[in-house]
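Me: I have a structure open and want to go through it piece by piece. Can you take my questions as they come?

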Amino acid sequence: AGALQPNEVYVIADSGAIPSWKGGGALFHYHPFWHALEVLCELPAALWSRIKAQLPVDNDGREASVLVAVTALYWRTAWKYGDVSFHAVQRDT
C-alpha cells in the first residue's frame, strides 16, 4: 500500500519462546525498523497461566508456544488512497 506499512504484528509469549526476555508472559510489538520485539506490558500471572494452558507444547514437551496477531491500520493508507485503500491493505496483508 504505497510503502505506508499498514500492518502491525503483536506477540504474546514468555522467556520459553523469547530467550532474551527474562520475565513471565508479556505482550510484545514487532518493531520493523529495529527488527526487534518491544515489550508493551507484562501480563498478570493468572492471565498468562490461563493463556499458556491453551497453547500446544513441542515434541520434547517444552512449552515454547506463542500467539501471533497481525493487525491492519487502514487509516495509514486511507488518507492517501481513499476508496481503494481497503483493497490495498487486504492485498498487503
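Me: Where does Val-66 sit?
Reply: Val-66 is in the loop between α1 (45-53) and β4 (67-72). Helices here are DSSP runs of H or I with at least four residues, strands are runs of E with at least two, and both are numbered from the N terminus. The model is a predicted one: local features need pLDDT of at least 70, side-chain atom pairs count only at pLDDT 80 or more, and totals for chains, interfaces and linings use all residues. Residues are numbered from 1 along each chain as its sequence is written, and side-chain values use heavy atoms, with hydrogens and water left out.

Me: Is Val-66 buried, exposed or partly exposed?
Reply: Val-66 counts as partly exposed, because its relative accessibility is 36%. Buried means under 20% relative accessible area and exposed over 50%, with partly exposed in between (1.4 Å probe, protein chains only).

Me: What patch does Val-66 belong to?
Reply: Val-66, Val-68 and Val-70 make a nonpolar surface patch of about 250 Å². Patches take residues with over 30% relative accessible area and no salt bridge; like charges are joined within 9 Å, and nonpolar side chains (Val, Leu, Ile, Met, Phe, Trp, Tyr) within 5 Å. The areas are Shrake-Rupley values with a 1.4 Å probe, and for residues only the protein chains shown count as cover.

Me: Switching to charges. How many salt bridges are there?
Reply: The count comes to 1 salt bridge, taking a side-chain nitrogen of Lys or Arg within 4 Å of a carboxyl oxygen of Asp or Glu. The side chains of Lys-52 and Asp-14 form it, at 3.1 Å from N to O.

Me: Which parts does that pair tie together?
Reply: Lys-52 lies in helix α1 and Asp-14 in the loop between β1 (7-13) and β2 (26-31), so the pair links parts that are 38 residues apart in sequence.

Me: Are Lys-52 and Asp-14 buried or partly exposed?
Reply: Asp-14 counts as buried, at 7% relative accessibility. Lys-52 counts as partly exposed, at 25%.

Me: Now the sheet. What is the strand order?
Reply: The 4 strands form an open sheet in the order β3-β2-β1-β4, and the pairing is antiparallel. β3 (36-42) and β4 are the edge strands, each pairing on one side only. Two strands pair if DSSP finds at least two bridges between them.

Me: How many bridges join β1 to β2, and β2 to β3?
Reply: 4 bridges join β1 to β2, and 6 join β2 to β3. Tyr-10 has His-29 in β2 as its bridge partner, and Ala-13 stands opposite Ala-26 in β2.

Me: What about the hairpin of β2 and β3?
Reply: That hairpin has 4 residues between the strands, and His-35 takes a positive phi near 50 degrees there.

Me: Where is Cys-41, and what does Cys-41 touch?
Reply: Cys-41 lies in strand β3, and Leu-27 has Cys-41 as its bridge partner. Leaving out residues up to four places away in sequence, Cys-41 touches Ala-26 and Leu-27, where contact means heavy atoms within 4.5 Å. Cys-41 counts as partly exposed, at 34% relative accessibility.

Me: Last one, the overall tally. What do the elements come to, and what share of the residues is buried?
Reply: The protein has 3 helices and 4 strands, running β-β-β-α-β-α-α from the N terminus on. Buried residues make up 25% of its 93 residues.
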